[in-house]
Amino acid sequence: MSFYTFMMRKYKGTNTPEGDLAYDMELDKNSFPKNCTGKFNARHRLIREHLEACDACSDCLNVFERCWEEYVACEKSRLNKSLCRQ
């Protein structure tokens, strides 16, 4: 699952800082790096650079970092479960 999809499923429509980020990502859906490929670090850097290029405030960047950590943990857990089924 992409970070974009994770944010839309988990936070879209919530009245939280995470929901605000999801809302901003949805507004920027035409240029937001939704389907990044590569390792987590490369995807993180690409999204972070995009947010910085859009002049995201420090609070927004902090929310992104928290959400990214949650996303990575979720994805690693999901991938480990699928490996156990093989």
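Which residue with positive phi follows α1? Select Gly13: this glycine comes after α1 and has a positive phi, near 85°. Helices here are DSSP runs of H or I with at least four residues, and strands are runs of E with at least two, numbered from the N terminus.

The model on display is predicted: local features need pLDDT of at least 70, side-chain atom pairs count only at pLDDT 80 or more, and totals for chains, interfaces and linings use all residues. Residues are numbered from 1 along each chain as its sequence is written, and side-chain values use heavy atoms, with hydrogens and water left out.

**Helix α1 and Phe3**

Next, select residues 3-11, which form helix α1. Its buried residues include Phe3, Tyr4, Phe6, Met7, Met8 and Tyr11. Buried means under 20% relative accessible area, exposed over 50%, and partly exposed in between, with a 1.4 Å probe and protein chains only.

Centre the view on Phe3, which lies in α1 and has a relative accessible area of 3%. Beyond its neighbours within four places in sequence, Phe3 is in contact (heavy atoms within 4.5 Å) with Met25, Phe32, Ile47, Phe64, Cys67, Trp68 and Tyr71.

**The aromatic rings**

Now display the aromatic side chains; the whole structure holds 11 aromatic pairs. Phe3 and Tyr71 form one that is edge-to-face, at 5.5 Å centre to centre and 80° between the planes. This pair links distant parts of the chain, with Phe3 in helix α1 and Tyr71 in helix α4, 68 residues apart. Both Phe3 and Tyr71 are buried. Rings of Phe, Tyr and Trp (its six-membered ring) pair if their centres lie within 6.5 Å; planes under 30 degrees apart count as stacked, over 60 as edge-to-face and the rest as tilted. To see the cluster linked by ring pairs, select Phe3, Phe6, Tyr11, Phe40, Phe64, Trp68 and Tyr71.

**The nonpolar core**

Which residues have the most contacts inside the largest nonpolar core? Select Phe3, Met7, Leu21, Met25, Ile47 and Trp68, within a core of 22 residues. Helices α1, α2 (17-27), α3 and α4 (58-85) each supply at least two residues of this core, and α4 gives the largest share, 8 residues. A nonpolar core is a set of buried Ala, Val, Leu, Ile, Met, Phe, Trp, Tyr and Cys residues joined through side-chain atoms within 4.5 Å.

From there, pick Trp68, which touches Phe3, Phe40, Arg43, His44 and Ile47, leaving out residues up to four places away in sequence.

**His50 and the cysteines**

Move to helix α3 (residues 40-53) and select His50. This histidine is buried, at 15% relative accessible area. With residues up to four places away in sequence set aside, His50 touches Asp28, Ser31, Phe32 and Pro33.

Finally, select the cysteines: the structure holds 0 disulfides, a disulfide being a pair of cysteine sulfur atoms within 2.5 Å. The sulfur of Cys54 has its closest cysteine sulfur in Cys60, 9.3 Å away and therefore too far for a bond. For Cys67, the closest cysteine sulfur is again in Cys60, at 9.3 Å, too far for a bond. Cys54 is partly exposed, at 47% relative accessibility, whereas Cys67 is buried, at 0%.
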